[in-house]
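Dear colleague,

I am handing over the structure below, followed by a summary of what was found in it. Please read the notes alongside the coordinates.

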Amino acid sequence: MRKPFVAGNWKMHGSKASILSLVTGLNAQANQLGDVDVAVCPPAIYVDYAKRTISSEAIAVGAQNMAVEPVQGAFTGEVSVEMLKDFDCEYVILGHSERRAIFGETDAEIAQKVKVALTNNVTPILCVGETLEERESGVMESVIATQLDAVLDVVGIDAFSSVVIAYEPVWAIGTGVTASPAQAQEVHAFIRGKLAGLNSAVAEKVIIQYGGSVKPDNAKELFGQADIDGGLIGGASLNADDFIAICKAAG
Ligand code: PEP
C-alpha cells in the first residue's frame, strides 16, 4: 500500500508577509491532514523562513530546483544540494516543465540532478509530462518514456524506489484545465507499467503524483485512481484552506 504524498510548489510567489499568513493557516489545520505525506516547496530564499515558521512535523519542506554541481564552488546564482540539506530540505522538485521550457533544462541535466539528489539523500520529485501538441500528435507515451529513460540510464531502476514521479501534463499546468481522472490514470498506469517491465517491486512502490490544475473540487476523483498517489500542486498550494482540503482528499 503506497502512502499518498501531496507537495505544494509555490513557484516564484510570496513574501515574508504572505508566507507567514499561508503558514499560519497550514499550522492551524495540520492536525486534520490524516494519513498523507505533505511537503511545501517555497522559493529557495524562503526555505529557511518556511522551515522556521511551520510548526507541524506533518509538513516537510522542499526546494524547487538545485544545481547539478554536487559541491559548492564558483557557480554564481546556484544553490547546491549540500545547502538544501543544511536547511533540512527533504525534497527537491526536478525537471518541472517551467524549468525545461523556460530555462532550457535538458533530460541529461535533469538526470544528473536526480543522481546528485539521491546521492545526498534528498528525495527528488521528478516531473515528466507532454505538451498538448505532443498529446494530439500521438507521441505522448514516447515523450514520457524518453524523459524517464534519461534518468533510468543514469541512476538505474533500483534507485527509483527513492524517487517520487510527478506526471504533469504541460497543458494542464496553471491553465485551469485538468486532465480527466481517466486521462491521468492512463498515463500513470503507463509510467508504472514501464517501470514494472524493469522491476515490478520498485514499480509497485514508487509514488506517482498527478499535477496540473488540481483543486479541492477535483482532487478526490483524481486521487481515487488506482495509480495516482497524491499530487504536485501549484496555484492551489498558495491558499491554506485549498491546500489542506487537497491533502485531505489524498489521505
Ligand atoms: C505545478 O506548477 O507543478 C502545477 C501543477 O501548477 P498548477 O497546480 O497551478 O497547475
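Strands β5 (residues 123-128) and β6 (residues 164-167) run parallel and are joined by 4 bridges, where strands are DSSP runs of E of at least two residues and helices are runs of H or I of at least four, both numbered from the N terminus, and where two strands pair if DSSP finds at least two bridges between them. Val128 stands opposite Tyr167 in β6.

This is a predicted model, in which local features need pLDDT of at least 70 and side-chain atom pairs count only at pLDDT 80 or more, while totals for chains, interfaces and linings use all residues. Residues are numbered from 1 along each chain as its sequence is written, and side-chain values use heavy atoms, with hydrogens and water left out.

The open sheet has 8 strands with parallel pairing, in the order β7-β6-β5-β4-β3-β2-β1-β8. Its edge strands, each pairing on one side only, are β7 (207-210) and β8 (232-233).

The ligand is surrounded by 14 residues, the closest being Lys11, Glu168, Gly174, Ser213 and Gly235, where a residue counts if one of its heavy atoms lies within 4 Å. By class, this shell has 4 nonpolar, 8 polar and 2 charged residues, with Ala, Val, Leu, Ile, Met, Phe, Trp, Tyr, Cys and Pro taken as nonpolar, Asp, Glu, Lys and Arg as charged, and the others, Gly among them, as polar. An oxygen atom of the ligand is 2.7 Å from an N or O atom in the side chain of Glu168, and a ligand oxygen is also 2.7 Å from a polar backbone atom of Ser213. For His96, a polar side-chain atom lies 2.9 Å from an oxygen atom of the ligand.

His96 sits in the loop between β4 (91-94) and α4 (97-103). It counts as buried because its relative accessibility is 5%, buried being under 20% relative accessible area, exposed over 50% and partly exposed in between (1.4 Å probe, protein chains only). Its side chain makes polar contacts with the side chains of Asn9 (3.5 Å) and Glu168 (3.4 Å); such a contact is a pair of N or O atoms within 3.5 Å, and within protein one must be able to donate a hydrogen and the other to accept it, with residues adjacent in sequence counting only if both atoms are side-chain atoms.

Gln64 is found in the loop between β3 (59-63) and α3 (81-86). A polar atom of the Gln64 side chain lies 2.9 Å from the backbone oxygen of Lys11.

Best regards
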